[in-house]
Amino acid sequence: MVDELLAFEQPRPRFPPALADSLRRRMEEALAPVADALDRPLRVGKHDISSVHTCEAYFRAEKDSFAWAPRNSYGAIAHRALRLSISMRDDPAPLDLVDMAIDAYVDDDQGDGGLGRYLRTASPLDLGELRAQANDVVFQFLECFPPLQRDWRPRTDTPILVKLCGERVSLRGRPDLAFGQARGEEAGVLIVDLKTGWSYPHHFDDLRFYALLQTLKTGVPPYRVASYYLDSATFHHEEVTAGILEIAAGRAVDGIRKIARLLQQEGPAAITPGPTCRWCRLRDECDGPGQLPERDD
Ligand code: SF4
């Protein structure tokens, strides 16, 4: 994995500064009408873009009634635990790291949209469930991913914030893992997203979104983005090119337009039946699931 994924010894591509400048300028031009019509600044993350492209009605339902639960909180706990695993000098057990991460959130009222408040009041059953799931993630990572070396410059959950259109529109992301650093025009960053379960095509879109953010923030794209699948200890990766960044920028602009329209409650939200119907909170009242082919399993 060190040779094939991290590939530290391989030559890195170079990108002219004009690439990032051009992406930013064209995104701001395309988003100007949206930004002008906003009644408050719009903050958009990877999950928002992914949800709205998956199904507009799903996006609106999630926005309207988001609530922390074990299934959507264990990832944040696990990532904070992994962050601690990099920075602590001794070698705590995965569950100890998870408990330290939970304690850190409980002490932090402001972070992650009220996750600390949820953890303080979660039932023992919910708390046990999310501890178990977060422990699985941390254990599987430490079991199979190469031990992180200091000179790889590893970071976990590093926030990337990109402000567009005079801060009327902000894009934000927190890649699970990042390594390396650009040197001048030479790319030097690898971004890795940790995944549980199966591989899906939209995982490439998520990675490209991170590549776009890194490019707009630093002016130099990552050389590569990758998904690492904890259940199978496998990965897929993609080299970052100008073409990929163009696709990511177009998808982000398109998503932001949809999000702005939906948040302003303008018009109906389109439904797009797909795998998301299985866990969508609207599945009992929506026509979408009935339009799906029957599953063999
Ligand atoms: S059930 Fe499916 S089609 Fe209907 S809103 Fe949810 S994800 Fe969209």
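Strands β3 and β4 form a hairpin with 4 residues between them. In the turn, C165 has a positive phi of about 55°. The model is predicted: local features need pLDDT of at least 70, side-chain atom pairs count only at pLDDT 80 or more, and totals for chains, interfaces and linings use all residues. Residues are numbered from 1 along each chain as its sequence is written, and side-chain values use heavy atoms, with hydrogens and water left out.

**The hairpin strands**

- Helices (H or I, at least four residues) and strands (E, at least two) are DSSP runs, numbered from the N terminus.
- Strands of a sheet pair through backbone hydrogen bonds, either parallel or antiparallel.
- Two strands count as paired if DSSP finds at least two bridges between them.
- β3 and β4 (residues 169-173) run antiparallel and are joined by 5 bridges.
- I160 has G173 in β4 as its bridge partner.
- L164 stands opposite V169 in β4.
- The covered face of β3 holds I160, V162 and L164. Its uncovered face holds L161 and K163.

**The sheet of 3 strands**

- This open sheet has the order β1-β4-β3, with mixed pairing.
- β1 (42-45) and β3 (160-164) stand at the edges, each with a single partner strand, so one side of each is left without a neighbour in the sheet.
- From one strand to the next, the twist averages 20°.
- Helix α2 (residues 17-37) packs on the sheet and touches β3 and β4. Contact here means heavy atoms within 4.5 Å.
- The direction of α2 makes about 65° with that of β3. Angles run from 0 to 180 degrees between N-to-C directions, and axes are lines fitted to C-alpha atoms, for helices over the stretch in contact.
- Helix α3 (residues 46-54) lies across β1 and β4, and runs at about 80° to β1.

**The sheet of 5 strands**

- This open sheet has the order β2-β5-β6-β7-β8, and its pairing is mixed.
- β2 (155-156) and β8 (234-239) stand at the edges, each with a single partner strand, so one side of each is left without a neighbour in the sheet.
- β7 (residues 224-229) pairs with β8 in the antiparallel sense, over 6 bridges.
- A226 stands opposite H237 in β8.

**Helices α5 and α6**

- Two packed helices are described by the angle between their axes and the distance between the axes.
- The axes of α5 (residues 70-87) and α6 (residues 94-106) come within 8 Å and cross at roughly 110°.
- The two helices are therefore roughly perpendicular to each other. That term covers 65 to 115 degrees; under 35 is roughly parallel, over 145 roughly antiparallel, and the rest oblique.
- On the α5 side, the contact is made by A76, I77, R80, A81, L84 and S85.
- On the α6 side, it is made by L97, V98, M100, A101, I102, A104 and Y105.
- These contact residues divide into 11 nonpolar, 1 polar and 1 charged. Ala, Val, Leu, Ile, Met, Phe, Trp, Tyr, Cys and Pro count as nonpolar, Asp, Glu, Lys and Arg as charged, and the others, Gly among them, as polar.

**Two single residues**

- R251 is found in helix α10 (residues 242-263).
- R251 is buried, with a relative accessible area of 18%. Buried means under 20%, exposed over 50%, and partly exposed in between (1.4 Å probe, protein chains only).
- Not counting residues up to four places away in sequence, R251 touches I49, S50, H53 and D205.
- G128 lies in helix α8 (residues 124-144). G128 is partly exposed, with a relative accessible area of 35%.
- The C-alpha atoms of G128 and P70 are separated by 8.8 Å, and these residues are 58 residues apart along the chain.
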